[in-house]
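Visitor: Good morning. Could you take me through this structure step by step?

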Amino acid sequence: RRLAGLLAGVLAWRGERGPGVLALLDHALDHGRLLARVDSDSLMAAQALFGPVMLEQLGRAEELADQLVAQSRSRGSVVGLVIAGCMHAAVRARRGELVGAETEVRTVIEIAVEYGMAFAIPSALWYGADALIERPGLADIAALADIAALPPDLARTASGALLREVRGRLALAAGDLSTARAELKAAAGTYETLH
């Protein structure tokens, strides 16, 4: 089931659609049992949980995020709250609920900073990028994209590419075309390496 979740998440990120991806996702979610494994295998669980977001199944993604919040609060799971917050930010941004997306991004970043989970910041910024671009008053959050530093080994991962993509999109919105080009090309290079 964990492998099915990983495959569903990767395929959804790559833009794959269709019954095969949905079947993998359903198998991985296991009627809610995947949520109980978030603490023990957060990377694999996150891949599956973000699948509905990438597949534009926003109602399903929101329902899963709500369930994850409830379970995480009852267990005291910080990583569960971070994953659920990113999911909520993604759903709200895709629905055009920019204030709600902002709230979720801020919450995830606060938790990430407090608990030393810097790896969560690129995801929060990426999922909330539309809100950052459309709401000029979010300069304090947008600035995090410039100051957020990932360890070199993480910078070459999808997290590093997400952060560079956000930087590029923000630079493009600000009219800084040379920075936008450099950041987006670097992000694209990492994405291509990761297929």
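This is a predicted model: local features need pLDDT of at least 70, side-chain atom pairs count only at pLDDT 80 or more; totals for chains, interfaces and linings use all residues.

Visitor: Which residues touch the most other members of the largest nonpolar core?

Guide: They are Leu49, Phe50, Val53, Ile83 and Tyr127, in a core of 51 residues. Helix α6 (residues 78–94) gives the most to this core, with nine residues. A nonpolar core is a set of buried Ala, Val, Leu, Ile, Met, Phe, Trp, Tyr and Cys residues joined through side-chain atoms within 4.5 Å. Buried means under 20% relative accessible area, exposed over 50%, and partly exposed in between, with a 1.4 Å probe and protein chains only. Helices are DSSP runs (H or I, at least four residues), numbered from the N terminus.

Visitor: And what does leucine 49 touch?

Guide: Not counting residues up to four places away in sequence, leucine 49 touches Leu29, Leu34, Leu35, Val38, Leu64, Leu68, Ile83 and Met87. Contact means heavy atoms within 4.5 Å.

Visitor: New topic: how many aromatic pairs are there?

Guide: The whole structure holds four aromatic pairs. Rings of Phe, Tyr and Trp (its six-membered ring) pair if their centres lie within 6.5 Å; planes under 30 degrees apart count as stacked, over 60 as edge-to-face and the rest as tilted.

Visitor: Why is the pair of phenylalanine 50 and tyrosine 127 called stacked?

Guide: Their ring centres are 4.9 Å apart and their planes lie at 15°, so the pair is stacked. These two residues are 77 residues apart and link distant parts of the chain. Tyrosine 127 is buried, with a relative accessible area of 3%. The rings of tryptophan 126 and tyrosine 127 have centres 5.0 Å apart and planes at 80°, so that pair is edge-to-face.

Visitor: Let us turn to helix α13. Which of its residues are buried?

Guide: In α13, Ala180, Glu183, Ala187 and Thr190 are buried. Seen down the axis of α13, they fall within an arc of 105°, so they line one face of the helix. The arc is that of the directions from the helix axis to the C-beta atoms.

Visitor: What lies on the other side of α13?

Guide: Arg181, Lys185, Glu192 and Thr193 are exposed there.

Notes
Residues are numbered from 1 along each chain as its sequence is written. Side-chain values use heavy atoms; hydrogens and water are left out.
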